[in-house]
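Here is a short report on charged side-chain pairs. Look at the structure first, then read on.

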Amino acid sequence: MAKPELSIIMPSYNVASLIPRAIRSVLAQSFRDWELIVVDDGSPDNLHEAVKTFVVKDKRIRLVTKPNGGLSDARNFGLSFAKGTYIHFFDPDDYIYSSGWYDSIFEEIKSSAIAPDVIITGYYVGDETSGQDNRIIHRPLSVPFGGRFGEKCISHVCYAWNKFFRREFLLANNLQYEKGLSHIEDAEFMSRVVKYQPAIKFIHDGEYVYVQRAEQTLSKGFDPKLVDISKRRIGIDVGLVEFFNTGAKHDALVDCLKTSATISITNRLYYYGRHLSPEKRHEILDNIRTMLPARFTSSRRRLMNLIFDSSIYWSIKARQYRLTDFVQRIRLTIHK
């Protein structure tokens, strides 16, 4: 096939029941000049059978296989086969909401005076239980990135699936995902992308649906290494704030990001670490405490969330971990 305008890379592992919806949403696009590279990352399920029917019917779809190496490795592997002018990394459990999205993206590209190296769009979040969408929430991209409410803007920067990368830009700068990294691989990748001063185009709306699913089990527990991953993520976010020039409100946004990271990892500790002894949780809280900013700064608007977050922040800051235990018990009871 001739060089397409768009290469869609879909790293896949244990998603045989979900990937047909993702592929069908690509096939439904009015934009036709694409190739879809499905990467079987050593999947243990019947992924091949689920994808094979699409491969047979449409020559633009290709299935490539590799030993399991994780999401980052699968994306890099798919990129090695890509020929498109632009790259879109597509998670196989997500989908595109409308048939005109890719067309609208390339209309924006054609109207740009300079070909953008990176395009960042808004998106939708879909909450899903038992394979059914319960609700879809629009997450438009808003700029500038300043102030404490810029936290959501930075989060837009730190996803892979709401972006289009010019392939030659990635190749020229040897940009690949860090193999073996989890939880923050998208943010880490973007932290290196911006070092090469890319031409970035922001598109307010987007039709990609990122699907969130309720956790099915607590058996995986809490990995203390996540605290160090969160610390690394804070450093990445601060670097991205510097790049996107948040001006006078820079410090407020940095404090907000640090507060959010601290609260998030603490909530995760109490949700997934219920089996841990209080002593072990308090030991982990000592490590989390080093992440705290000097002041509590939040982008939350709901009073109940602010009360919980500020209580958690101050109890950890004062090393009153029994108070942290008490607040978390209330929070978990309310959010059952």
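## Salt bridges across the chain

Asp73 is buried, with a relative accessible area of 17% (buried means under 20% relative accessible area, exposed over 50%, partly exposed in between, with a 1.4 Å probe and protein chains only). This is a predicted model, where local features need pLDDT of at least 70, side-chain atom pairs count only at pLDDT 80 or more, and totals for chains, interfaces and linings use all residues. Residues are numbered from 1 along each chain as its sequence is written, and side-chain values use heavy atoms, leaving out hydrogens and water.

Side chains of opposite charge can pair when their charged atoms come close. A salt bridge here is a side-chain nitrogen of Lys or Arg within 4 Å of a carboxyl oxygen of Asp or Glu. The count comes to 16 salt bridges. The table lists three of them, including one formed by Asp73.

| Pair | N to O distance |
|---|---|
| Asp73 and Lys179 | 4.0 Å |
| Arg232 and Glu178 | 2.8 Å |
| Arg319 and Asp286 | 3.3 Å |

Take Asp73 and Lys179. Asp73 sits in helix α3 (residues 71-81), and Lys179 in the loop between α6 (167-172) and α7 (185-193), 106 residues apart. Helices are DSSP runs (H or I, at least four residues), numbered from the N terminus. Lys179 is exposed, at 57%. Shared partners join Asp41, Lys66, Asp73 and Lys179 into one network of salt bridges.

Arg232 pairs with Glu178. Arg232 lies in helix α8 (residues 225-243) and Glu178 in the loop between α6 and α7, so the pair ties together parts 54 residues apart in sequence. Arg232 is partly exposed at 36%. Glu178 is partly exposed at 29%.

Terms used:
Helices (H or I, at least four residues) and strands (E, at least two) are DSSP runs, numbered from the N terminus.
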